[in-house]
Amino acid sequence: AWVRLVWTAGTPATTGSFNVASLTDTGTGIVTVNLTVAFSAGTSYSVALGYGSMDAATQQQLFSSGSNVGSFILNYYSNGVATDNTNRVEAFACGDQ
């Protein structure tokens, strides 16, 4: 599965995806990626992440804070504070379905 998303006015939206059914906005800077076809177990896949930088002076963090068979959670921070303001976030999940 893969997804490219942006936050627009605090709402996450996909700009491209494969095997992603929907996104759930679960808080500032937090989005749950819901899969179309689930993985066989919550521990049978890994998630790789990337993001588009707002500017070179901003410290940004992107991490996955949880996963289960049908979804995984992305968290985005800017200068240590959760934020919904980013140009682009990308996630790729690979594992046993």
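**Why we call it that: an all-strand chain**

Read along the sequence, the protein runs β-β-β-β-β-β-β-β-β. This is a predicted model.

Q: How many helices and how many strands make up the secondary structure of the protein?
A: The tally is zero helices and nine strands.

Q: What makes the radius of gyration of the protein agree with that of a compact globule?
A: Start from the length: for 97 residues, a compact globule would come out near 13 Å. The protein has 13 Å, so the two agree. As for its extent, the C-alpha trace spans about 40 × 20 × 20 Å along the principal axes.

Q: What share of the residues counts as buried, and how much area does the protein expose?
A: Of the 97 residues, 35% count as buried. The protein exposes about 5000 Å², and carbon and sulfur atoms supply 51% of that.

Q: What share of the contacts joins residues at least 24 apart?
A: Take the contacts between residues at least 6 apart in sequence: 52% of them join residues at least 24 apart.

Q: Why is T86 called buried?
A: Its relative accessibility is 4%, and buried means under 20%. So T86 counts as buried. T86 sits in the loop between β8 (81–82) and β9 (88–95). Its C-alpha atom is 9.8 Å from that of G10, and the two residues are 76 residues apart along the chain.

Q: Which residues touch the most other members of the largest nonpolar core?
A: That core has 17 residues, and L5, F72, L74 and V89 touch the most other members. The strands β1 (2–8), β4 (30–35), β7 (71–78) and β9 each supply at least two residues of this core. In soluble globular proteins, nonpolar side chains tend to be buried together.

Q: What does L5 touch?
A: Not counting residues up to four places away in sequence, L5 touches P12, A13, T14, T15, L23, V31, L74, R88 and V89.

Q: How do you know that β1 and β2 pair?
A: Two strands pair if there are at least two bridges between them. β1 and strand β2 (residues 11–18) have seven bridges, in the antiparallel sense, so they pass the cut-off.

Q: What makes β6 and β7 a pair of strands?
A: Eight bridges join them in the antiparallel sense, and at least two are needed, so β6 and β7 pair. They form a hairpin with two residues between them. Here N68 stands opposite S71 in β7.

Q: Why do F63 and Y77 count as partly exposed?
A: Partly exposed covers the range between the buried cut-off of 20% and the exposed cut-off of 50%. F63 has 33% relative accessibility, so F63 belongs there. Y77 has a relative accessible area of 25%, so Y77 is partly exposed too.

Q: What phi does A9 have, and is A9 buried or exposed?
A: Phi of A9 is near 50 degrees, a positive value in a residue other than glycine. Most residues other than glycine have a negative phi. A9 lies in the loop between β1 and β2, which form a hairpin with two residues between the strands. At 83% relative accessibility, A9 counts as exposed, because exposed means over 50%.

Q: Where does N79 lie, and why is N79 called partly exposed?
A: N79 lies in the loop between β7 and β8. Its relative accessible area is 46%, so N79 is partly exposed. N79 has a positive phi of about 50 degrees, although it is not a glycine.

Definitions and conventions. Residues are numbered from 1 along each chain as its sequence is written. This is a predicted model: local features need pLDDT of at least 70, side-chain atom pairs count only at pLDDT 80 or more; totals for chains, interfaces and linings use all residues. Side-chain values use heavy atoms; hydrogens and water are left out. Helices (H or I, at least four residues) and strands (E, at least two) are DSSP runs, numbered from the N terminus. Buried means under 20% relative accessible area, exposed over 50%, partly exposed in between (1.4 Å probe, protein chains only). A nonpolar core is a set of buried Ala, Val, Leu, Ile, Met, Phe, Trp, Tyr and Cys residues joined through side-chain atoms within 4.5 Å. Contact means heavy atoms within 4.5 Å. The radius of gyration is taken over C-alpha atoms; the globule rule is 2.2 Å times the number of residues to the power 0.38. Accessible areas come from the Shrake-Rupley method with a 1.4 Å probe; for residues, only the protein chains shown count as cover.
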